[in-house]
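Trainee: I have a protein chain open on screen and would like to go through it. Can we start with the terms and then look at the details?

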Amino acid sequence: MKKCWKYVLCCLGSVFGLAVILFCVLCWILFTPDRLTAIVNNLSERYLKCESSFEKVDLSLFSTFPYAGLKVSNVALVNPVDGASSDTLAFVSELLVGVDVKSFVSSGDVVVKELFLKRSDVCLYTDSNGVSNFMVFVADSVDDDSLAFAMPGLVDVEKLKVDDLSLSFSNASAGVNASVEGLSVALKGRLADSLVNAKLRLEGDSLYVNVSDSSHGVGSTVSLADFSFDAESSGSLAHL
C-alpha cells in the first residue's frame, strides 16, 4: 500500500513539474521581451508627458515566485527644467516588480507583492516659480478621467528593496537643497484602504541637507556619513 501511494505521489509530482514547464514555455512564447518592451513603451507614451525609455522588459517567473514578475532594464525618465542639475529625472539600472496574478484574476486588483530597484539615480527639482521636473504624469495636468491612472486596488508589499540609490532634491523657492548617496532601503508591510503596517530599514553612505533664507541671510546645514535608520508604523495614513 505504501509503495502504491509513493508511486501515485511520484506521478502527481511529475505531472505538476511538466505542467510548470509547459506554462513557462507558453509564457515565453506569448510574452517575449520584444513584445513586453513594446507594450511598456507604448503605455509610457500614453501616461507620461516626459521623455521615457525602457531598454528591455522581460518576464520573470522565478525571481518573484510565486508571483508573476516583470524585469525592466535601464529605465530612464528625462524632463529638462531650467536650473536643474540634470535633464534626467530618474534612471534605474534594473527594476523588478512582482504581481499577484491570483488576485487580479479573481477580483481585478493589481496587487504588488515585491518591488526591487538596483543602481538608481534620481534628480528632483523645483524652480523659483514652482515648476517641478517630477510632475510627469498626464493625470497631473489634465482632468480627462480616461487618461488618469487607476490606482491599484491593493498594495500588499511583502518585500521592497532599493540598492545603491543616489538622490538629489532642490527647491529654489524654499531654499532647500538635499542629497543622499549609496542609499539602501528595505521595507516589508502592507498598504490597503488607507491603512499601513510596515517595517522600514534605511542605510546610506552620506546625507546632506541645507536650508537657507536668502531674505534674512541665514541658513542651516546637516551632514551625516554612514547613517542608518529603523522604523515601524501601524495604523491609518491620516494619523502617521
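Mentor: A salt bridge here is a side-chain nitrogen of Lys or Arg within 4 Å of a carboxyl oxygen of Asp or Glu. This is a predicted model, where local features need pLDDT of at least 70 and side-chain atom pairs count only at pLDDT 80 or more, while totals for chains, interfaces and linings use all residues. Residues are numbered from 1 along each chain as its sequence is written, and side-chain values use heavy atoms, with hydrogens and water left out.

Trainee: How many salt bridges does that rule give?

Mentor: The count is 3 salt bridges. In one of them, the side chains of Asp-230 and Arg-201 meet at 2.3 Å, N to O. That pair links distant parts of the chain, since Asp-230 is in strand β8 (residues 218–236) and Arg-201 is in strand β7 (residues 195–213), 29 residues apart.

Trainee: What counts as a strand?

Mentor: Strands (E, at least two residues) and helices (H or I, at least four) are DSSP runs, numbered from the N terminus. The protein chain has 3 helices and 8 strands. Along the sequence, the pattern is α-α-β-β-β-α-β-β-β-β-β.

Trainee: Back to Arg-201. Which residues are linked with Arg-201 in a network of salt bridges?

Mentor: Glu-203 and Asp-230 are linked with Arg-201 in that network. Between Glu-203 and Arg-201, the closest N and O atoms are 2.8 Å apart.

Trainee: Which residue forms a salt bridge with Lys-118?

Mentor: Glu-94 does, with the closest N and O atoms 3.9 Å apart. Lys-118 lies in strand β4 (residues 111–126) and Glu-94 in strand β3 (residues 88–99), so this pair ties together parts that are 24 residues apart in sequence. Lys-118 is partly exposed, at 34% relative accessible area.

Trainee: What does Ser-93 touch?

Mentor: A contact means heavy atoms within 4.5 Å. Leaving out residues up to four places away in sequence, Ser-93 touches Val-72, Ser-73, Asn-74, Lys-118 and Arg-119. Ser-93 is in strand β3 and is buried, with a relative accessible area of 16%. The side chain of Ser-93 also reaches the backbone oxygen of Arg-119 at 3.1 Å.

Trainee: Now Asn-210. Which side chain makes a polar contact with the side chain of Asn-210?

Mentor: The side chain of Thr-221 does, at 2.7 Å. A polar contact is a pair of N or O atoms within 3.5 Å; within protein, one must be able to donate a hydrogen and the other to accept it, and residues adjacent in sequence count only if both atoms are side-chain atoms. A polar atom of the Asn-210 side chain also lies 3.4 Å from the backbone oxygen of Ser-220.

Trainee: Where is Asn-210 found?

Mentor: Asn-210 is in strand β7, and at 16% relative accessibility Asn-210 counts as buried.

Trainee: And the whole chain, how much of it is buried?

Mentor: Buried residues make up 31% of the 240 residues. Among contacts between residues at least 6 apart in sequence, 55% join residues at least 24 apart.

Definitions and conventions:
Buried means under 20% relative accessible area, exposed over 50%, partly exposed in between (1.4 Å probe, protein chains only).
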